[in-house]
Amino acid sequence: MTGIVVLFDFDRTIIDGDSDNWVVVEMGLTQSFQRLLSVLPWNTLMDRLLDELHSQGRTIEEIEKCLKRVPMNPRIMAAIKAAHDFGCDLKIVSDANKFYIETILKHHGLLGFFSEIFTNPTSVDELGRLRIFPFHDHILAPHACSLCPYNMCKGLVIEKVRAAAATENGKKRFVYVGDGRGDFCPSLKLGQGDYVMPRKNYPLWNLIFTDPILVKAEVHEWSDGEELEKVLLHIISTISKEENISNGTYTQSESSAHEANHQTPPNSWVSEKTA
């Protein structure tokens, strides 16, 4: 196990689309979604739509079958497997939900590569309905973060992960991969020596480059699965080199092997944080 922790968002990061929207469209809930969108917060809305599916006689097995049709970019799958094989600790921090994420990852053979999944919990009630609950209870334990939605502050999750890592042997380096507005708060929790990978021209990327001095981590952008794979593996290779040099264990043969296996991405793929 290396000292590298890679944290992934799920929607529009691990999968190219949005798992909630996929179920809405594929299971014929678009009209109800549009009717309720202006009156319910997102997490509550998704739970309400699942209740509507149940009232129509639709089963959890049908939802599961729908989720198994979600496509997965083969380059992102390869990146996840390569990072895991390298010894990185992989985690997911997502505002989707446990059932959707685990169903999709299991179908694509990726579930076992992640040590933890932080997301909105799900359960099946006594009537057989799939229910979605907020990660943070906004009534009993509101998170009070103005940057995040009421149901989940990813920044608090990052603080928890960092605190747990601090109790382990050796320093941990963090890489955060995401795209959305909700990924900005956790990006602010990263420090020097860490990395954030925003998807280019998505909300996280826009927020970071509106005022880049706010982010202490080194910023490397990506646009698609191929770039995510190359940039992530380049970062992992770079961190590994730095750690081995610091420990006095790095050799020229390792350097050659690293360069052969993980070519440095072109400059157009990398946006260094400006001071």
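What percentage of the 275 residues in the chain is buried? Buried residues account for 50% of them, where buried means under 20% relative accessible area, exposed over 50% and partly exposed in between, with a 1.4 Å probe and protein chains only.

A word on the ground rules first. This is a predicted model, in which local features need pLDDT of at least 70 and side-chain atom pairs count only at pLDDT 80 or more, while totals for chains, interfaces and linings use all residues. Residues are numbered from 1 along each chain as its sequence is written, and side-chain values use heavy atoms, leaving out hydrogens and water.

**The chain as a whole**

The chain holds 11 helices and 8 strands; these are DSSP runs numbered from the N terminus, with at least four residues (H or I) for a helix and at least two (E) for a strand. Take the contacts (heavy atoms within 4.5 Å) between residues at least 6 apart in sequence: 64% of them join residues at least 24 apart. The accessible surface is about 13100 Å², and carbon and sulfur atoms own 52% of it; such areas come from the Shrake-Rupley method with a 1.4 Å probe, and for residues only the protein chains shown count as cover.

**Around Asp194**

Let's visit the loop between helix H8 (184–188) and strand E7 (195–198), where Asp194 lies. Asp194 counts as buried because its relative accessibility is 3%. A polar atom of its side chain lies 2.9 Å from the backbone nitrogen of Phe174, and the backbone nitrogen of Gly191 also lies 2.9 Å from a polar atom of the Asp194 side chain. Beyond its neighbours within four places in sequence, Asp194 is in contact with residues including Arg162, Lys172, Ala217 and Glu218.

**Aromatic pairs**

The whole structure contains 3 aromatic pairs. Rings of Phe, Tyr and Trp (its six-membered ring) pair if their centres lie within 6.5 Å; planes under 30 degrees apart count as stacked, over 60 as edge-to-face and the rest as tilted. Here are two of the pairs:

| Pair | Centre to centre | Angle between planes | Class |
|---|---|---|---|
| Phe33 and Trp42 | 5.5 Å | 80 degrees | edge-to-face |
| Trp205 and Phe209 | 5.2 Å | 50 degrees | tilted |

Phe33 is buried, at 13% relative accessible area, whereas Trp42 is partly exposed at 32%. Trp205 and Phe209 share helix H9 (residues 203–210), sitting 4 residues apart, about one turn of the helix. In that pair, Trp205 is buried at 17% relative accessibility, and Phe209 is partly exposed at 29%.

How values were computed:
A polar contact is a pair of N or O atoms within 3.5 Å; within protein, one must be able to donate a hydrogen and the other to accept it, and residues adjacent in sequence count only if both atoms are side-chain atoms.
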